[in-house]
Amino acid sequence: MGESDEYLVTIAKYGTRSTTRSDVYLNYHLYKQPDDAIGMDYFVWVLRNAERTIVVDTGFSRHGGEVRGRRMLADMAGLFTRLGADPASAPTVVVTHAHYDHIGNLGLFTESPIVLSKREYDFWTGDHARHVLFHHSVEDDEIAQLSRIAAEGRIDFFSGRREVAPGVEVIEVGGHTPGQSVVRVATSDGPVLLASDAVHYYEEYESAMPFSSVADLVAMYAGFDTIRGMINSGDVRHLVAGHDPSTLGRFTPAEGDLVDVAATIGTAPAGARP
Ligand SMILES: [Zn+2]
């Protein structure tokens, strides 16, 4: 793999909340462990090298966060710009799934090509999405916006897996949502897997404790196995969980005013924009 196919991965925290273990782990009582408080952080991810900038998910909107009691820590347009992914520069946006905390700021990216699983799109624009257990995780106007973007021809739909750019592959695993996808990225420090909500917490993956919000439980367990296989084979060196408060501390703190907000993996290849 050439150097130009490697990326600087930036993980940026933009929101947070406090909840309980019995709220986040499905049928938690079955583990016979005491309940306890647990935090949940919210992230977006940016991949950059000399040739391109790719945004992975866009976070929740102010409204989507407020109605669910989530604390927003950043102005999102400003955050993306500080991360080197100014929405006006039309970076490609990979959407790992259509929950409110992943597509809430797609409206900032008015010119960007969007990469999304066809199965995910079909589910949220289809009949079953109206049911409470699914619907509580989306905003109707955000799904409608996704439909408008599709009508504009701006969504690059995929099934299974898709190379978004050299060194960046999106892989559909399902489970959490019908088309939940993970993103594998080449870096100077080895391949990184942005697990998004295929793995909210490291414990969820390490102890095979599925998250409470799930579309297909068998697929969710299979997703853990798929990820374990990728790590064991060396296809993945760094696993980045989607909502774990320990995530930022596991990687290199970003510099300057982003020090408490973001962490990075890999070095920016020569010629990458600062
Ligand atoms: Zn989700």
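## Exercises on a predicted model

The charged end of Arg68 sits over the ring of Tyr100, 3.9 Å from the ring centre. The structure is a predicted model, in which local features need pLDDT of at least 70 and side-chain atom pairs count only at pLDDT 80 or more, while totals for chains, interfaces and linings use all residues. Residues are numbered from 1 along each chain as its sequence is written, and side-chain values use heavy atoms, with hydrogens and water left out.

### Exercise 1: charges over rings

Solution. Step one is the criterion: a charge sits over a ring if NZ of Lys or CZ of Arg is within 6 Å of the ring centre and within 35 degrees of the ring normal.

### Exercise 2: the zinc site

Task: Identify the residues that coordinate the zinc ion, and state why the arrangement is irregular.

Solution. Donors are N, O and S atoms within 2.8 Å of the metal (3.2 Å for Na, K and Ca); water is not among the atoms, so sites may look incomplete. The donors here are His97 (NE2), His99 (ND1), His176 (NE2) and Asp197 (OD), at 2.2 to 2.3 Å.

Next come the angles. Four donors count as tetrahedral if all angles lie between 85 and 135 degrees; four count as square planar and six as octahedral if opposite donors are over 155 degrees apart and all others between 65 and 115; anything else is irregular. Around the zinc ion the 4 donor atoms subtend angles of 85 to 175°, which makes the arrangement irregular.

Helices (H or I, at least four residues) and strands (E, at least two) are DSSP runs, numbered from the N terminus. Both His99 and Asp197 are buried, a term for under 20% relative accessible area, with exposed meaning over 50% and partly exposed in between (1.4 Å probe, protein chains only).

### Exercise 3: aromatic pairs

Task: Are the rings of Tyr14 and Phe60 stacked or edge-to-face?

Solution. Rings of Phe, Tyr and Trp (its six-membered ring) pair if their centres lie within 6.5 Å; planes under 30 degrees apart count as stacked, over 60 as edge-to-face and the rest as tilted. The whole structure holds 14 aromatic pairs. For Tyr14 and Phe60 the centres are 4.9 Å apart and the planes stand at 70°, so the pair is edge-to-face. Tyr14 belongs to strand 1 (residues 8-20) and Phe60 to the loop between strand 3 (53-56) and helix 2 (62-66), so the pair ties together parts that are 46 residues apart in sequence. Tyr14 is buried at 0% relative accessibility, and Phe60 is buried with a relative accessible area of 0%. Ring pairs also link Tyr14, Tyr42, Phe60 and Tyr100 into a cluster.

### Exercise 4: a positive phi

Task: Where does Asn27 lie?

Solution. Asn27 is found in the loop between helix 1 (21-24) and strand 2 (37-48). Its phi is near 50°, a positive value in a residue other than glycine. At 42% relative accessibility, Asn27 counts as partly exposed.
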